[in-house]
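Please read it alongside the sequence and the coordinates.

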Amino acid sequence: MAIGDIIVGIDIGSSKVNAVVGEVNNFNQVEIIATSECKCFGMRKSKITNEEEISSAILKVIAEVEETANIKIHSAYVTILGKYVTIVQNSILKEAKDKYAGISTKDVTSAIMQVKDIDIPEDKVLIDIIISEFSLDNGRIIDDPVGSLSSTFTVKGQVVLADKDYAKQLTNIFKKANIEIDGIVPNVVSERELILDKNEVNDNIMILDIGAGNTDIGVFAGKTFIYTNTIPLGGDNITSDISYVFNITEEEADRLKKQYGLALKSFIDNDTDIILNTYKGEERTKTIRSSELIEVIEARVEEIFSLVNKNISNEGIKSNINNVILTGQGITNISKSDVAGKIILNIPVKISTGRLISTVKSNYRSSYSLVKYVASRPFAKTVASSIDTKTESTLLKTIAERIKEFFYS
């Protein structure tokens, strides 16, 4: 990245679309210069159900950040749910062009581009290349091999593919909003550096991002991206359960969830009475016990963790996970959710305490972490979003070209 680069990140969630505009300052740090969010329900159960609604929401957030930052935006990066992502592991053994001069930047960027040379299925499209390890001919693992005196070096990485049909849906949505896509990044990948502590980034970790309508799974073996998927359940399902069971409005259900949020009935200190203000039954009001409310919350939390447990068990990756990190607005305000997760998963679970997680409001965390991830890409030629008019081209082609630009120098 270069000083003055402007990067736009957009996150499409099940209840809202939000955008963050970041600028690289004189200290090579990303400084937020504009944010915006818009309620949007164009995605249901991790599927795009209303392209027009999402496109309209993107138009709105883009217009707001343009006004705030006094710029005209023509392109942006966007997140993608794990459900639509496939990861292919690959490694390349590369000879240094001049072993006496040391490994050059050109050697490294050439090797990185070779990592992507795999057979891509017809129904997939390349969206990212993640480099997890460089090793020299003496076996030493190194973060940056440039300048090292080694006749050969090995690059290990992950080729990240997206379902082509879903990528087309995204490009259609952005095209309607007159925005090109700079790149598509899995949500759990961009969030990793933001929500993990230093001692966690090299561990075998599963990130569970429980949002309003989806739970995104991301499994990492140190820096290696192993697996991702999406469970179409989240915090809004808990709210809907409370609303349905007690016959009250969604608004009151959400307030009660936040006020009495507890994932395990066994941790109740005082089983108090709760007067329901919007009860729709024949009586004007109704009183329930807090234990009744918590039973409803506990049942849905248990289901979410049980589905995650079934998924990672079926994939054969559960035994490799040492710790689980919880994040997301759908779960972090529910006390003892980490304890409930540990009981069901039988793996240590904790709420994220990443040192950077408090640097941005929780509702902008996904789009902010996307901007941070893009800005930190190693060996990238350019990562800036376009704030100038670009020539027309198909958006899927643009994504592929941007990936080349990341690494060619």
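A residue counts as exposed when its relative accessible area is over 50%, as buried when that area is under 20%, and as partly exposed in between. Asparagine 70, at 70% relative accessibility, is therefore exposed. The model is a predicted one. Its largest nonpolar core has 68 residues, and another core, of 38 residues, lies apart from that one.

**Backbone with positive phi**

- Asparagine 70 is not a glycine, yet its phi is positive, at about 60°.
- Asparagine 70 sits in the loop that links α1 to β6 (75-80).
- Serine 46, also a non-glycine residue, has a positive phi of about 65°.
- The loop between β4 (43-44) and β5 (47-48) holds serine 46.
- Serine 46 has a relative accessible area of 1%, so this residue is buried.

**Nonpolar cores**

- Within the core of 68 residues, the members with the most contacts are Ile10, Ile12, Val17, Ile58 and Phe174.
- Helix α1 (residues 51-69) supplies the largest share of this core, seven residues.
- Not counting residues up to four places away in sequence, isoleucine 58 touches Ile10, Ile12, Val17, Ile173, Phe174 and Ala177.
- The separate core of 38 residues includes Ile210, Ile217, Ile288 and Leu345.

**Packing of α5 against α7**

- Helix α5 (residues 235-246) packs on helix α7 (residues 290-314) at an angle of about 140°, and the two axes are 9 Å apart.
- The α5 and α7 crossing is right-handed.
- On the α5 side the contact is formed by Asn237, Ile238, Asp241, Ile242, Val245 and Phe246; on the α7 side it is formed by Glu292, Leu293, Val296, Ile297, Arg300 and Val301.
- By class, this contact of α5 with α7 comprises eight nonpolar residues, one polar residue and three charged residues.

**Packing of α7 against α8**

- Helix α8 (residues 337-345) packs against α7 at an angle of about 45°, with 9 Å between the axes.
- α7 and α8 are therefore oblique to each other.
- The crossing of α7 and α8 is right-handed.
- From α7, the residues in contact are Val301, Glu302, Phe305, Ser306, Val308 and Asn309; from α8, they are Ser337, Ala340, Gly341, Ile344 and Leu345.
- Six nonpolar, four polar and one charged residue make up the contact of α7 with α8.
- Val301 of α7 takes part in the contact with α5 and in the contact with α8.

**Isoleucine 7**

- Isoleucine 7 is part of strand β1 (residues 6-12).
- With 1% relative accessibility, isoleucine 7 counts as buried.
- Isoleucine 7 and alanine 76 are 69 residues apart in sequence, while their C-alpha atoms are 7.2 Å apart.
- Leaving aside neighbours within four places in sequence, isoleucine 7 contacts Val20, Val21, Gly22, Tyr77, Val371, Val374, Ala375, Val383, Ala384 and Ser385.

**Glutamate 37**

- Glutamate 37 lies in strand β3 (residues 30-39).
- A relative accessibility of 32% makes glutamate 37 partly exposed.
- Between glutamate 37 and valine 20 there are 8.9 Å from C-alpha to C-alpha, and the two are 17 residues apart in sequence.
- Its contacts, neighbours within four places in sequence left aside, are Lys16, Val17, Asn18, Val61, Glu64, Asn363 and Tyr364.
- Val17 touches glutamate 37 and isoleucine 58.

**Leucine 136**

- Leucine 136 belongs to strand β8 (residues 124-136).
- The relative accessible area of leucine 136 is 8%, so leucine 136 is buried.
- Leucine 136 and leucine 149 are 13 residues apart along the chain, with 8.7 Å between their C-alpha atoms.
- Apart from neighbours within four places in sequence, leucine 136 is in contact with Ile103, Ile142, Pro145, Ser148, Ser150, Thr152 and Phe153.

Note on methods: Residues are numbered from 1 along each chain as its sequence is written. This is a predicted model: local features need pLDDT of at least 70, side-chain atom pairs count only at pLDDT 80 or more; totals for chains, interfaces and linings use all residues. Side-chain values use heavy atoms; hydrogens and water are left out. Axes are lines fitted to C-alpha atoms, for helices over the stretch in contact, and angles run from 0 to 180 degrees between N-to-C directions. Helices (H or I, at least four residues) and strands (E, at least two) are DSSP runs, numbered from the N terminus. A crossing is left-handed if the near helix is turned anticlockwise from the far one by less than a right angle, and right-handed if clockwise. Contact means heavy atoms within 4.5 Å. Ala, Val, Leu, Ile, Met, Phe, Trp, Tyr, Cys and Pro count as nonpolar, Asp, Glu, Lys and Arg as charged, and the others, Gly among them, as polar. A nonpolar core is a set of buried Ala, Val, Leu, Ile, Met, Phe, Trp, Tyr and Cys residues joined through side-chain atoms within 4.5 Å. Buried means under 20% relative accessible area, exposed over 50%, partly exposed in between (1.4 Å probe, protein chains only). Angles under 35 degrees count as roughly parallel, over 145 as roughly antiparallel, 65 to 115 as roughly perpendicular and the rest as oblique.
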